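Here is a guided walk through one protein model. Keep the sequence and the 3D view side by side as you read.

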Amino acid sequence: MNKNKTVKVSIVMGSQSDYKIMKLCEKILKNLGILFETKIISAHRTPKRMFEYAINLNKNNIGVVIAGAGGSAHLPGMIAALTTLPVLGVPVESKKLKGLDSLLSIAQMPKGIPVGTLAIGEDGAINAALLAASIIANNNSKVKNKLNSWRKSQTKSVKKNPK
Ligand code: RP5
């Protein structure tokens, strides 16, 4: 990793169809002033692309990977197997099992290769970006401040009364 370059977040997803969920990560990261790149990489359909991408993450100044996939969702685990960077998995809702398959595929990693697993769908994508920001904030006070402001404005937005 080139220490003079700003660390980026990588957002990867198994299919174009995942983008409607994974673009929420982009929205949050933009809001927090964090650089990112977004790619379609399928563990099943483009295994060579996945391998090449994963082994070059450090060289490309990636600090955290957010990987979204649905169904038999191997992408987060396979990327995690190829890097020691933190990998956050977003289970994308599937047609048949509503994302329970995606959630279990991503969460139930056997010991040795961890994937930080978030909630299914939109909440998971948003939280993955916020968690990626927290990781980056450890070494970046600008991002830490932005994250604190984001939390404050969220708190402010909660009304006291429901009517
Ligand atoms: C997974 O299969 C993708 O992550 C996606 O969620 C799911 C369905 O893909 P498509 O058939 O829509 O391309 O690999």
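How many of the 6 residues of S1 are buried? The model is a predicted one, and in it 5 of those 6 are buried. Buried here means under 20% relative accessible area. Strand S1 is therefore largely enclosed by the rest of the structure.

Now look at the sheet around it. The sheet is open and has 5 strands. Their order is S2-S1-S3-S4-S5, and the pairing is parallel. Strand S2 (36–40) and strand S5 (116–117) stand at the edges. Each has a single partner strand, so one side of each is left without a neighbour in the sheet.

What holds such strands side by side? Strands of a sheet pair through backbone hydrogen bonds, either parallel or antiparallel.

S1 pairs with S3 in the parallel sense over 6 bridges. Find methionine 13: its bridge partner in S3 is glycine 68. S1 also pairs with S2, again in the parallel sense, over 5 bridges. There, valine 9 stands opposite phenylalanine 36 of S2.

Move on to S5. Strand S4 (residues 87–92) pairs with S5 in the parallel sense, over 2 bridges. Leucine 88 has glycine 116 in S5 as its bridge partner.

Helices come next. Helix H1 (residues 19–31) packs on the sheet. H1 touches strand S1 (8–13), S2, strand S3 (62–70) and S4. The direction of H1 makes about 170 degrees with that of S1. Helix H2 (residues 47–55) packs on the sheet as well, touching S1, S2 and S3. The direction of H2 makes about 160 degrees with that of S2.

Which residues of helix H3 (residues 75–82) are buried? They are Leu75, Pro76, Gly77, Ile79 and Ala80. These buried residues pack against S1, H2, S3, S4 and helix H4 (100–107).

Last, turn to the largest pocket. Its volume is about 430 Å³. The pocket is lined by 20 residues. Closest to its centre are Ser15, Ser17, Asp18, Ala69 and Gly70. H1 and S3 each supply at least two residues of the lining. What classes make up that lining? It has 6 nonpolar, 9 polar and 5 charged residues.

Terms used
Residues are numbered from 1 along each chain as its sequence is written. This is a predicted model: local features need pLDDT of at least 70, side-chain atom pairs count only at pLDDT 80 or more; totals for chains, interfaces and linings use all residues. Side-chain values use heavy atoms; hydrogens and water are left out. Two strands pair if DSSP finds at least two bridges between them. Helices (H or I, at least four residues) and strands (E, at least two) are DSSP runs, numbered from the N terminus. Contact means heavy atoms within 4.5 Å. Axes are lines fitted to C-alpha atoms, for helices over the stretch in contact, and angles run from 0 to 180 degrees between N-to-C directions. On a 1 Å grid over the protein atoms alone, a cavity is a set of points where a 1.4 Å probe fits but cannot get out, and a pocket is an open set with protein on both sides within 12 Å along at least five of seven lines; lining residues have an atom within 4 Å of a point. Grid points are joined across faces, edges and corners, and a volume is the space filled by probe spheres set on the points. Ala, Val, Leu, Ile, Met, Phe, Trp, Tyr, Cys and Pro count as nonpolar, Asp, Glu, Lys and Arg as charged, and the others, Gly among them, as polar. Buried means under 20% relative accessible area, exposed over 50%, partly exposed in between (1.4 Å probe, protein chains only).
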